[in-house]
Amino acid sequence: MKSFDYVRPASIGEAIAAARAPGAAYLAAGTNLLDLMKGGVSRPDRLVDVTHLPGLDTIEKLPDGGLRIGALVRNADLAHDAAFAKAYPAVAEALLSGASAQLRNAATVGGNLLQRTRCAYFYDVASACNKRAPGSGCDARGGDNDMHAVLGWSDGCIATHPSDFCVPLVALDAMVEIEGNGGRRQVRLEDLHRLPGATPQQETVLEAGDLIVALNLSAEACNFASHARYLKVRERTSYAFAIVSAAAHLSLANGRIEQARVALGGVAAKPWRAREAEALLAGAEATAQNFRRAAEAALAGAKPSGDNAFKIELAQRILVRALALASAGTPERIPALPASPFSIHSGALHDA
Ligand SMILES: Cc1cc2nc3c(=O)[nH]c(=O)nc-3n(C[C@H](O)[C@H](O)[C@H](O)COP(=O)(O)OP(=O)(O)OC[C@H]3O[C@@H](n4cnc5c(N)ncnc54)[C@H](O)[C@@H]3O)c2cc1C
Ligand code: SF4
C-alpha cells in the first residue's frame, strides 16, 4: 500500500484546512474508503479523520419541525431513532435495506452519501476505467455490465450510484449542509451527485476541502409518513447492493393522490428523482393502472448501456409495487430485515 499522512483534527476549521491540500481525503468509518485504498483504487496522500470532530453525531429537531442529522450519525443509529423512523419511514427502511448490520453500525451519514460506485472494473486496477484513470477508457462497455445504468449514462461511463439511503432522501428534497473554504452552504441532495458526461471522475459538486456536516429533512416531508415505502431488488436478501430500487411517498385523500414523491436507485450515476411519474400521479386515483402509467413515464428516457435491458422493465415493476405498498399504508413497525419485493403479502412486511 502507498504511504500516506494521517491527521485527526480537533475542529471543523482544522479539518477543512487539512483537507484542502491536493491528494487529501476525509476518512469517516472507512467502510468504503479503506477497501478502495487496500485495492489501490484510491491513493490519497493524506487522510483527514473526521470521526472525532465535535457536534456532528447528533439528530436535532429544526425550528420548522424537520430534522437535522449530523454527518457522523451512524446508519444503524439513524434507522433505529424512533422519531426519525416515524417521520421518514421509507428512509429508515432504505437504511435497513443497505449493507449488513455490522456495516450499518459503523457507516456514517456523510460516508453513505459519498460512497463510490460498485462497478467491478472501477475496483480492478488492471481494467480501463475513465472514473479511476480519466481518459483510459471504460471496460464495462462490452464487458460484464448487467448491473450498470439505464438512465443518464454517457459513452465515457455507465456506472450506477450504489446508495439505498439516498433514494428516498432525494424524493423528499433532502438538503446537504456543507462547510468549505467559503463558509457554510446548503445543496439539494438531488444536485450533489453529477451525471458522468465527459468527466465521470467528477462525481459530485463538492470542491477541495468541502466537508459534509449535516443532512436536513423538512417538516413538510413528514406529510408522506403514513404512505411511504422503499423497495429493493438484490441478488440475496442478507446483504447485496440494489439491482434496482424504488422509493414511493404518497399523500392520499379519499383514494386520490394529492402529491407523490418518487425516486429510483440502481439505474443511474445518481439517485434518480422521477418527476414525470410524480406529475402523472398528482390528482390521480391510486390504482394499479395509474401506477403502471407513472412507472412507464419514470423509465421513458431509459436505454440499455449493455446487457441490462431487463432493468428497465424490472424498475417499472418495482416502482409499481412500491407505489401499491405505499398506498396500502406504511406498516406499524419497520422490520429489521425489510421484506423481499417478491413477497406474496402485498403491503405486509416480515419481522426478522
Ligand atoms: C460489503 C458491503 C456491502 C454494502 N452494501 C451496501 C448496500 O446494500 N447499500 C448501501 O447503500 N451501501 C452499502 N454499502 C456501502 C456502505 O453503506 C458505505 O461503505 C458506507 O455508507 C460509507 O460510510 P463510511 O462512514 O464508512 O464512509 P468512508 O468509507 O469513511 O468514506 C466514504 C467516502 O466519503 C467521504 N466522506 C466521508 N465522510 C465525509 C464527510 N463528512 N464529508 C465529506 N466527505 C466525506 C470519504 O472521503 C470517502 O470518499 C456496503 C459496503 C460494503 C463494504
Ligand atoms: S462504467 Fe464507469 S466506473 Fe465502470 S469501468 Fe466504465 S468508467 Fe469505470
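This passage describes the surroundings of the two ligands in a predicted model. Local features need pLDDT of at least 70, side-chain atom pairs count only at pLDDT 80 or more, and totals for chains, interfaces and linings use all residues. Residues are numbered from 1 along each chain as written, chains are lettered from A and ligands numbered from 1 in the order written, and side-chain values use heavy atoms, without hydrogens or water.

Around ligand 1 there are 30 residues, with Tyr26, Gly30, Thr31, Thr108 and Asp164 the closest (a residue is near if one of its heavy atoms lies within 4 Å). Polar contacts are pairs of N or O atoms within 3.5 Å. A polar backbone atom of Gly30 lies 2.7 Å from an oxygen atom of ligand 1, and a polar side-chain atom of Thr31 is 2.6 Å from an oxygen atom of the ligand. On the nitrogen side, an N or O atom in the side chain of Asp164 is 2.7 Å from a nitrogen atom of ligand 1. The protein buries 91% of the 980 Å² that ligand 1 exposes when taken alone (Shrake-Rupley method, 1.4 Å probe).

Two or more residues of this shell come from each of α2 (33-38), α7 (109-113) and β8 (211-217), and α7 gives the most, with three (DSSP runs; helices, H or I, have at least four residues and strands, E, at least two).

Ligand 2 has 14 residues around it, of which Cys119, Cys129, Cys138, Cys157 and Ile158 come nearest. Its shell has ten nonpolar, three polar and one charged residues (nonpolar: Ala, Val, Leu, Ile, Met, Phe, Trp, Tyr, Cys and Pro; charged: Asp, Glu, Lys and Arg; polar: the others, Gly among them).

Definitions and conventions
Polar contact = N/O pair within 3.5 Å; in protein donor to acceptor, adjacent residues only side chain to side chain.
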